[in-house]
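Please examine the structure shown below.

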Amino acid sequence: MKKLVIILLFIATSATAQIRFSADFESGSMEKAELVSQENKNGTESYTYNFYSRFDPANPARPTLAPSARWYYFRMDGVKDKEIILNVKNSDARRPYYSYDNENWTRFSETESPDEKTIIKKYTQDTVYIAYYIPYTYSRLLGKIQEWVQYNWVDLSSIGESEHGRNMPLLTITNKNGKEGKKVVYIHGRVHTSETPGTWHLERMIDQLVADTPYAHALRENAIYYILPFTNPDGVVEGNSRSNANGVNMEVNWDDPEEVTTKEVKNMRAFLQSLLAKGDVDVFLNMHSQSMHQATYWVHTAETSSDKLYRNIMVLANLTMQDNPYFAKKDLCFSKMGSRYCEGWFWNNAGDRTLAVTFETPYTYYSQNKEGEWVSIENLQKFGDCSLIALGDYLQAGAPYRINISEPAAAKGFQTMTDNSKFYFGESYLKASKEGAKVKYLFNGKAEGVDLPVGTYEVYKWAAGDNIRVSKEGENEWVKVGEMKHNGGRKIKYTYTAKEGELVDNLLLKRK
């Protein structure tokens, strides 16, 4: 046995004297790399390796749940002007990323990553980093937090420590004006540590929410946002794929016996119980990334939750698709409500008073379109903008430049409908009983603490449509119905005239 080890070491130190693999840095992860062959191709040294991604520890809470090895993030030294062929084991190689400085990342081309198990590239510098997706480290999060807390509407606290003693920082974001009746939003991310696209997406949402802009001001005026960016700091720092430090997949740990429930989940449950003791949590967003080639909400079916919860999730989902090139109506996925998930915990403790749902970004490309845009930080940021606007619309935040009017001031010739055959805001919608039925809308900016800029506003109505999984075009979305001019003051009035049988719900005014 000793002789064999000596031979292997000799191969590694002679044939590949200048090629070294390592993952000895934050979030780094790999199992091993074995040299398969070495040859000279027209003057270029070429090395082929079997590269093994590292499995998470075995899961003591659910032993039958196979550990994941999706995440890899490693460094190669001594590769300049050499062709390196990596046969990826335990994970996949769907055009991952590389960087020469561990800061600026480039996705491998289709030629360099020709199938899901191979990476082939000749490198131009001596050191290169390779990652399943662009890393988002705990150190980066702590740095971003220092930026966010510079605003006086952002408070920093902690919900506790992880299994290995790392802090779990919590952001509380709202205008500090003592306004009563604010809605409550809780968002958490990075349960599965390999899912870095979801964190880039969430970072953009936070950047926009804390910004000193009129729209962000209106969002903060309307609601209190509790955001836990990392639920699993140990897994992030230690380079796991889907588990915490002890091998537990925390996404499905919410109804496990106490002795195998992680400290992180216990911390989250205690915090959420404290929120529910004060009142309702209106929205919970569970931010993830997935291996399917599409963004999606995992919509809980009405049969396993309630008609109301299902309808509310579908409204939020369709709002997120509005003017969003990365999210199509056919992209939605559906699942049963389960107590093992955080959404199931909310269902058991708050019922349909909380819209609790998981959102996923892909790693690869959007809407199953391989020829379209591949996922990047730039388009994740655009997606983050769409997601925040959708959340603001769902919460019916009254804002300058984007005004959501939920309650008609008066309506004549309408029936009030409360069934769940359509997707609509709130508790009811209107159906015109006759041709020319009129509904008047009023927005009082003074009451909302909002100044209304002078100018022309596009007018959109929410086109409540059939309760189906893939909505028809022009249904369950904002549809433009006209324009109006606002000449000043803090009130806006608008009258909409409907056709017989037409459905009328919320109104949206967008300043041109």
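This is a predicted model: local features need pLDDT of at least 70, side-chain atom pairs count only at pLDDT 80 or more; totals for chains, interfaces and linings use all residues.

Strand E19 (residues 402–405) and strand E28 (residues 507–511) are joined by 4 bridges in the antiparallel sense. Helices (H or I, at least four residues) and strands (E, at least two) are DSSP runs, numbered from the N terminus, and two strands pair if DSSP finds at least two bridges between them. In general, strands of a sheet pair through backbone hydrogen bonds, either parallel or antiparallel. E19 also runs antiparallel to strand E18 (residues 398–399), with 2 bridges, and Gly398 has Ile403 as its bridge partner in E19. The hairpin of E18 and E19 has 2 residues between the strands, and Tyr401 takes a positive phi near 75° there. Both faces of E19 are covered: Arg402 and Asn404 are buried on one side, Ile403 and Ile405 on the other. Here buried means under 20% relative accessible area, exposed over 50%, and partly exposed in between (1.4 Å probe, protein chains only).

Elsewhere, 5 strands form an open antiparallel sheet in the order E1-E4-E9-E6-E7. Its edge strands are E1 (20–22) and E7 (106–107), each of which pairs on one side only. E7 is joined to E6 (residues 97–99) by 2 bridges, and Thr106 in E7 is the bridge partner of Tyr98.

The whole structure holds 41 aromatic pairs. Rings of Phe, Tyr and Trp (its six-membered ring) pair if their centres lie within 6.5 Å; planes under 30 degrees apart count as stacked, over 60 as edge-to-face and the rest as tilted. The centres of the Phe25 and Tyr129 rings are 5.5 Å apart and their planes are at 70°, so this pair is edge-to-face. Phe25 lies in the loop between E1 and strand E2 (32–41) and Tyr129 in strand E9 (residues 127–131), so the pair ties together parts that are 104 residues apart in sequence. Phe25 and Tyr129 are both buried.

In helix H2 (residues 138–148), the buried residues are Tyr138, Leu141, Lys144, Ile145 and Trp148. They lie on the same side of H2, because they cover an arc of only 115° around the axis, taken from the directions from the helix axis to the C-beta atoms. These residues pack against strands E10 (154–161) and E11 (167–173) and helices H3 (196–210) and H5 (233–237).

Helix H7 (residues 307–321) contains Val315, which counts as buried at 1% relative accessibility. Not counting residues up to four places away in sequence, Val315 touches Tyr394, Phe423, Tyr424, Phe425 and Trp462; contact means heavy atoms within 4.5 Å.

A nonpolar core is a set of buried Ala, Val, Leu, Ile, Met, Phe, Trp, Tyr and Cys residues joined through side-chain atoms within 4.5 Å. The largest one has 103 residues, of which Ile130, Tyr225 and Tyr297 touch the most other members. H7 gives the most to this core, with 9 residues.

Definitions and conventions. Residues are numbered from 1 along each chain as its sequence is written. Side-chain values use heavy atoms; hydrogens and water are left out.
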